[in-house]
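Have the structure open as you read.

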Amino acid sequence: GVFALLLGGTLSYIRFFKGRILKPKIDLDIQAGCLPNKSKNLFWLEIAITNKGNVTLWNYRILINVRPYPLAPLMDISNCVIPSHYLFGENFVDVGETAFEHVVIELDGKSQAYTFEVALLDDQNTIWRRCLTVENP
């Protein structure tokens, strides 16, 4: 009886806290805008990564796709992230800090709007996602 109670309590504790400790808690915020031009428009994205957890977010990657509206094929624009130079080649967001990443891309003026899909992956392959639709003037 007592052994079963201890075993059940231990398993419940592990199940409840699994994923809640030693994992980053990230707020991902996206802002975007457009600078109109004659044939193509220049879009910019600012991605704010705020670590509200109790461990550092290490070696994150950003994947970005854009989808024109009306529906057209998804385009991978991850290579448009403006590179940052990090000490020793590692990028991280410490507890309580915010990191910013920036994207600039030229897109045609024919689509009505663009939806930007931003995914943030950490070194444990945890994924945070946000989407933002921007009107094409």
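Let's start with a strand pair: β2 and β7 run antiparallel and are joined by 11 bridges. One spot to look at along this pairing is I49, which sits opposite A99 in β7. Keep in mind that you're looking at a predicted model.

Zooming out a bit, β2 and β7 belong to an open sheet of three strands, ordered β1-β2-β7, with antiparallel pairing. The edges are taken by β1 and β7 (98-108); each has a single partner strand, so one side of each has no neighbour in the sheet. On average, neighbouring strands here are turned by 15° against each other, ignoring direction. As a reminder of what holds such an arrangement together, strands in a sheet pair through backbone hydrogen bonds, in parallel or antiparallel fashion.

And the chain as a whole? It holds one helix and nine strands, and reading along the sequence gives the pattern α-β-β-β-β-β-β-β-β-β. The chain has 137 residues, and 32% of them count as buried. Its accessible surface is about 9200 Å², with 57% of that belonging to carbon and sulfur atoms. Take the contacts between residues at least 6 apart in sequence: 64% of them join residues at least 24 apart.

Back to β2, where N51 is worth a stop. This residue is found in strand β2. Is N51 buried or exposed? With a relative accessibility of 1%, N51 is buried, because anything under 20% falls in that class. Setting aside neighbours within four places in sequence, N51 is in contact with P24, K25, I26, T56, L57, V93, D94, V95, G96 and E97.

P24, on that list of N51 contacts, lies in the loop between α1 (2-17) and β1. P24 is buried as well, with a relative accessible area of 16%. If you leave out residues up to four places away in sequence, P24 touches N51, V55, T56, L57, D122 and W128. P24 and D94 are 70 residues apart along the chain, and their C-alpha atoms are separated by 9.5 Å.

Now for the charged side chains. How many salt bridges does the count come to? The count comes to one salt bridge, and the side chains that meet in it are those of K52 and D27, at 3.0 Å from N to O. This pair links distant parts of the chain, 25 residues apart: K52 is in the loop between β2 (40-51) and β3 (57-58), while D27 is in strand β1 (residues 26-35). The two partners fall into separate accessibility classes: K52 is exposed at 52%, and D27 is partly exposed at 29%.

Here are the accessibility values for the residues we've visited, side by side.

| Residue | Relative accessible area | Class |
|---|---|---|
| N51 | 1% | buried |
| P24 | 16% | buried |
| D27 | 29% | partly exposed |
| K52 | 52% | exposed |

K52, in the loop between β2 and β3, is linked to D27 in strand β1.

Terms used. Residues numbered from 1 in each chain as written. Predicted model: local features only at pLDDT ≥ 70, side-chain atom pairs only at ≥ 80, totals over all residues. Heavy atoms only, no water. Salt bridge = Lys/Arg side-chain N within 4 Å of Asp/Glu carboxyl O. Helix = DSSP H or I, 4+ residues; strand = E, 2+ residues; numbered from the N terminus. Buried < 20%, exposed > 50% of the residue type's maximum accessible area, 1.4 Å probe, protein only. Contact = heavy atoms within 4.5 Å. Areas by Shrake-Rupley, 256 points an atom, 1.4 Å probe, with all protein chains shown as cover. Pairing = 2+ DSSP bridges. Axes fitted to C-alpha atoms, helices over the stretch in contact; angles between N-to-C directions.
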